[in-house]
Amino acid sequence: MDLRKTGRPTCFLCLQCGVQFAAAAAPPQHCPICEDERQYVRWEGQAWITPQELAAGHRIVMKDDAGVLAFGIEPRFAIGQRALLAQTPHGNVLWDCISMVSDEAVAEINRRGGLIAIAISHCHYYSAMVEWSEAFGGVPIYLHADDRKWIMRPHPAVVSWQGETRALNPSLTLIRCGGHFAGGQVLHWKRDGGDAILAGDILQVTPTRRHVSFMYSYPNYIPLNAAKVLRIASALEPFAFDHIYGAWWNQNVIGDAKTGFARSVARYLAAIA
């Protein structure tokens, strides 16, 4: 059935960024996230896809990424990020999000203890966050209040938290870094095998996988200014971490990550001076 022709309310997804919008009888006219200078509208123009259309041509893959269960979409869709499952003795949190949910993915997470929450680094990865929440009984979705304007599908599960840190449980703490977006956040994870920062692209892991970098806009090559990079460094300074997990498959700094982060800040500031 072509839902576009039925007039039935549908939660359309932006084809470019993969973010889902509130239910409507027809696709929105604009995607504010893509029209922002940090993203871009397709050369072919704004386009939309329904969840049913996406599921018909794509599937969720689940696999280990440097010791963490991760979820991605194949063939690659939109920005191409993958989500991570932060498993702790105090409950599990899904970090970042993807644009579709599957019964198999839900079953695998439930087999590992389910979810107590979802948390997302910034709006480019809000994707199908509401559908993921509803699949686990409406668990809270923690987004920083400074990014409230970028929520395209409001929902009672969304928690717009304020401040600089927010503990989700004794093992997991959200840290507002800003940078890429004012409410850009990372997740600090205390765990056996080395503490980790789940970073999205607030910290962009470089191809060396020993450093990170910082951008205001990745696709449009706009660097982040020195003051915002120093703010990220200050926000992370109180936290110990051995690893940094980035936004895409195999894009992680494994071992000695805090030292690598400090080197990365220094060389970035030197390069833009």
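## Charges over rings

Lysine 63 lies over the face of tryptophan 249, 4.5 Å from the centre of the ring. A second case involves arginine 191, whose charged end sits over the ring of tryptophan 189 at 4.9 Å from its centre. (A charge sits over a ring here if NZ of Lys or CZ of Arg is within 6 Å of the ring centre and within 35 degrees of the ring normal.)

Some ground rules before going further. This is a predicted model, in which local features need pLDDT of at least 70 and side-chain atom pairs count only at pLDDT 80 or more, while totals for chains, interfaces and linings use all residues. Residues are numbered from 1 along each chain as its sequence is written, and side-chain values use heavy atoms, with hydrogens and water left out.

A pair of aromatic rings is described by the distance of the centres and the angle of the planes. Searching the whole structure turns up seven aromatic pairs. (Rings of Phe, Tyr and Trp, the last by its six-membered ring, pair if their centres lie within 6.5 Å; planes under 30 degrees apart count as stacked, over 60 as edge-to-face and the rest as tilted.) In one of the pairs, the ring centres of phenylalanine 214 and phenylalanine 261 are 6.3 Å apart and the planes are at 75°, so this pair is edge-to-face. The two come from distant parts of the chain, 47 residues apart: phenylalanine 214 is in the loop between β15 (212-213) and β16 (215-217), and phenylalanine 261 is in helix α6 (residues 257-272). (Helices, H or I with at least four residues, and strands, E with at least two, are DSSP runs numbered from the N terminus.) Phenylalanine 214 and phenylalanine 261 are both buried. (Buried means under 20% relative accessible area, exposed over 50%, and partly exposed in between, with a 1.4 Å probe and protein chains only.)

Phenylalanine 214 also pairs with tyrosine 268: the centres are 5.4 Å apart and the planes at 85°, so this pair is edge-to-face as well. Because phenylalanine 214 lies in the loop between β15 and β16 and tyrosine 268 in helix α6, the pair ties together parts that are 54 residues apart in sequence. Both phenylalanine 214 and tyrosine 268 are buried.

Which residues form one aromatic cluster? They are Phe214, Phe241, Phe261 and Tyr268. Phenylalanine 241 is placed in the loop between α5 (226-236) and β18 (243-246), and its relative accessibility of 4% counts as buried.

## Cavity and pocket

The structure holds one cavity of 30 Å³ or more, and the largest cavity has a volume of about 40 Å³. (On a 1 Å grid over the protein atoms alone, a cavity is a set of points where a 1.4 Å probe fits but cannot get out, and a pocket is an open set with protein on both sides within 12 Å along at least five of seven lines; lining residues have an atom within 4 Å of a point. Grid points are joined across faces, edges and corners, and a volume is the space filled by probe spheres set on the points.) The residues lining this cavity are Val19, Gln20, Tyr126, Ser127, Met129, Val130, Met152 and Arg153. By class, five are nonpolar, two polar and one charged. (Ala, Val, Leu, Ile, Met, Phe, Trp, Tyr, Cys and Pro count as nonpolar, Asp, Glu, Lys and Arg as charged, and the others, Gly among them, as polar.)

The largest pocket has a volume of about 240 Å³. It is lined by 14 residues, with Gln39, Ile79, Tyr218, Pro219 and Trp248 the closest to its centre. The lining of this pocket has seven nonpolar, five polar and two charged residues.

## The loop between β4 and β5

Glutamine 81 is placed in the loop between β4 (68-74) and β5 (83-86); at 7% relative accessibility, glutamine 81 counts as buried. A polar atom of the glutamine 81 side chain lies 2.8 Å from the backbone oxygen of cysteine 97. Proline 75 is also found in the loop between β4 and β5, and a cis peptide bond with omega of about -10° joins glutamate 74 to proline 75.

Most residues other than glycine have a negative phi, and most peptide bonds are trans. Serine 127, although not a glycine, has a positive phi of about 40°. Serine 127 is in the loop between β7 (117-119) and α4 (129-135) and counts as buried at 3% relative accessibility. Arginine 209 has a positive phi too, near 60°; its place is the loop between β14 (204-205) and β15, and arginine 209 is partly exposed, with a relative accessible area of 45%.

Methods. Polar contact = N/O pair within 3.5 Å; in protein donor to acceptor, adjacent residues only side chain to side chain.
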